[in-house]
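I opened the model and kept notes as I went. The entries follow in the order I looked things up.

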Amino acid sequence: MARPIKVVMAKLGLDIHWRGVYLVSQFLRDAGMDVVYIGNKFPEQIVEAAMQEDADIVGMSTLGGNHLTLGLKTVSLLEHAEMTGVKVFMGGVIPPKHIPQLLDGGVHKVYGPDTPMETIINGIKESISV
Amino acid sequence: MGREESKKDVCLFSQDQLDTIKSGYDDWFNNVLKDNDRQDELSGKYVTHSGIPIRMLHTPADIAGIDYAEDIGFPGCAPYVRGVYPNMYRGRPFTLRQLAGLGAPEDCNLRVKYLLGHGATGVNILFDLPTIRGYNSDDPEAEGNVGHCGAAVDSIWDIDAFFKDIDLGAISTSVVTHLPSTSIVIPGMYFAVAEQRGTPKDKIAGTCQNDFIMETCVGSGPEILPPPVSFRLQCDVVEYICENYPRFNPISYNGYNLREAGTDAVQEVAIAISNAIATAEELIGRGMDVDKFAPRMSFFWDLHNDFFEEIAKCRASRKVWYKIMHDRFGAKNPKSCLMRFHIQTAGVTLPATEPLNNVARSAIQGLAAVFGGCQSLHIDSFDEAYSAPTEEAALVSLRTQQIIQSETGVINTVDPLAGSYYVEYLTEQMINRIFDYIKQIEELGGLVKAVEDGWLHREIANYNLKYQKKIETGEMKIVGVNYFRAEEASTQEIEVFEYPETYTRQKAKLDRLRKERNRQKVDESLNVLRDKCHTDENLYPYTMEAVKNLVTLGEIEELFREEFGLWTFPLIS
């Protein structure tokens with residue numbers, strides 16, 4: 001049997017709202033993925049954790065407005081570490097007009113408020129099978 | 001089906017009447033209701049958000065055990081179910097307290113003046129994440145968050161700028177410092193500014209939040225002080241402010257954010273009151289009289305979707321508080337037993353989809369808050385799921401409050417829903433369930449211990465999973481999101497507040513401050529504070545001294561982290 005999808009989930013930087021990110025972690029776990037919730041972390045620490053855990057997916061949540069700065073920084077640090085196979089997902093409160101910038105910067109998908117869990121689960125599975 | 005036999009003698013209704021009502025109910029249930037409706041009622045699927053059974057029809061039989069004088073009473077009188085003041089809103093309408101705080105303090109100053117100019121009578125000042133968690137704007141940890149979601153405050157200069165040309169003796173300010181570790185610093189900056197401007201201490205009105213549950217549980221962060229330390233700072237703040245600022249509430253037990261993080265109405269109130277119990281025990285242990293601090297304690301509730309349960313929660317919480325202060329702590333001053341609370345409508349109920357619908361949701365929640373007898377109210381804005389409110393959205397919220405207050409007539413009589421069989425039944429149920437949950441926490445060794453052990457975090461996580469599953473399956477309906485979803489999702493463009501220049505402005509100010517301040521005084525005040533951390537002394541006088549000497553928020557917080565160490569958030573795998 002193939003190993004389960006390995007996901008590292010983080011709260012980005014100082015953002016304090018852990019409800020959503022922990023919920024997504026629980027739902028991904030229930031969907032059979034191997035999920036590590038690392039709590040509040042900065043880009044360097046997230047990349048470090050992704051490396052150690054041999055992650056397929058990095059999920060970052062922020063409701064604090066740091067998506068364009070710390071979010072994009074995480075993607076470029078992953079590229080720098082030649083971990084381009086790791087798909088980056090973001091969620092939280094992210095203004096729609098910022099989403100194109102995140103996607104152009106290498107974020108695989110951005111899920112805003114009201115996204116059904118199934119959409120996230122399927123989005124991750126699809127990103128792995130491609 | 002078994003109806004609960006009343007424990008007491010019949011009080012509100014004569015036995016004859018009650019017998020007639022009970023047999024009338026049975027007749028109605030068996031002969032008037034259709035078979036399907038009877039099955040529906042017997043299914044037990046109708047419960048409030050927190051799980052209290054709801055009957056299809058509530059009758060006097062549900063509240064037959066209530067003794068009006070003892071259990072409900074009169075407003076302004078024990079047990080305060082009907083309200084904390086005798087004439088309630090006729091005498092003192094709820095304060096229209098909207099939030100202000102975005103970007104640099106200079107931007108916020110304009111927002112505060114705007115709100116005061118439109119009839120607001122108090123302001124909430126919110127801070128950006130670095131300020132909330134105690135980092136200076138130019139700290140590497142603050143990167144990406146400066147000026148977002150609230151104001152950046154690094155030093156006493158920022159508080160001065162925030163309130164430029166505003167008389168601190170004429171307004172009531174809620175300084176929303178969630179954490180005890182920042183509540184021991186930022187309100188101190190506010191007091192110090194007032195002192196420099198010559199405003200007398202007894203004119204300073206307001207509140208700070210100062211809740212160790214916020215520091216350790218509700219909000220997560222990269223560096224968290226251990227729960228007992230945060231709790232000690234919380235008590236230091238209460239003690240110091242009670243001794244020095246008679247019109248400033250040193251603590252607002254934050255049920256709100258707890259609820260938003262993930263609890264039901266019972267847990268929200270029970271956990272907040274458990275924290276108040278712990279504080280009372282600590283302060284009494286320090287030699288303080290309960291009547292010295294209890295009158296200054298205030299509470300902060302969420303007003304969620306379940307309209308009647310939320311109203312019942314508000315009414316119930318006042319009685320629980322009265323019982324605890326009066327019966328358990330022996331408070332003599334009636335004010336010690338008055339639970340005053342601020343309400344904010346539930347941000348968590350406001351989706352991003354079709355945002356204008358949120359005006360309706362928030363108005364209904366706001367109305368429930370008024371039926372619940374809140375002392376002040378903040379109505380969330382329709383753009384809640386996008387950013388802190390824009391000026392347009394904030395004005396709609398303020399106007400919603402004014403409409404409830406001035407157009408609907410609901411404030412003309414006290415506690416208008418009293419006597420509703422359903423509301424009184426729910427109120428009694430809430431009271432019992434809140435007491436049960438408080439007892440459960442005490443059996444775990446008290447709230448500080450329950451937090452340290454990760455119990456509360458698990459309670460929150462379990463609740464959220466249950467709640468979210470109801471949304472995913474559609475059992476909990478959210479109009480426009482999982483119910484009556486539009487074919488074409490609304491693409492309404494919501495303007496978002498951004499202050500990209502805040503960082504640069506704060507950085508420049510910090511550079512100037514570091515150049516201009518007296519380094520020797522800075523070091524002295526930091527060294528004294530460092531030593532005092534390891535004594536039983538109250539730290540407030542020493543943080544006050546430090547901020548007057550232009551020590552920054554970040555420097556004080558860093559000192560706390562060094563001296564007290566860090567704690568790992570329990571849910572991290």
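Which residue does Val7(A) stand opposite in β3(A)? I looked and found Ile57(A).

Before going on, I noted that this is a predicted model, in which local features need pLDDT of at least 70 and side-chain atom pairs count only at pLDDT 80 or more, while totals for chains, interfaces and linings use all residues. Residues are numbered from 1 along each chain as its sequence is written, and chains are lettered from A and ligands numbered from 1 in the order in which they are written.

Entry 1, the sheet of chain A. I recorded an open sheet of 5 strands in the order β2-β1-β3-β4-β5 (chain A), with parallel pairing. Strands are DSSP runs of E with at least two residues, helices are runs of H or I with at least four, and both are numbered from the N terminus. Two strands pair if DSSP finds at least two bridges between them. Strands β1 (residues 6-12) and β3 (residues 57-62) of chain A run parallel and are joined by 5 bridges. I marked β2 (34-41) and β5 (109-111) of chain A as the edge strands, since each pairs on one side only. From one strand to the next, the twist averages 20 degrees.

Helix α5 (residues 117-129) of chain A packs on this sheet and touches β3, β4 (87-92) and β5 of chain A. Two residues are in contact if their C-beta atoms, placed from the backbone, lie within 7 Å. The direction of α5 of chain A makes about 175 degrees with that of β5(A). Angles run from 0 to 180 degrees between N-to-C directions, and axes are lines fitted to C-alpha atoms, for helices over the stretch in contact.

I found α10 (residues 227-244) and α12 (residues 265-285) of chain B packed at about 70 degrees, with their axes 10 Å apart. α10(B) and α12(B) are therefore roughly perpendicular, a label for angles of 65 to 115 degrees. Residues in the contact include Phe231(B) of α10(B) and Leu283(B) of α12(B).

β3 (residues 172-175) and β4 (residues 205-208) of chain B pair in the parallel sense over 4 bridges. Ser174(B) stands opposite Thr207(B) in β4(B). Thr207(B) also stands opposite Asn249(B) in β5(B).

The contact takes 32 residues from chain B and 28 residues from chain A. On the side of chain B that touches chain A, α19(B) gives the most, with 5 residues.

Definitions and conventions. Parallel < 35°, antiparallel > 145°, perpendicular 65-115°, else oblique.
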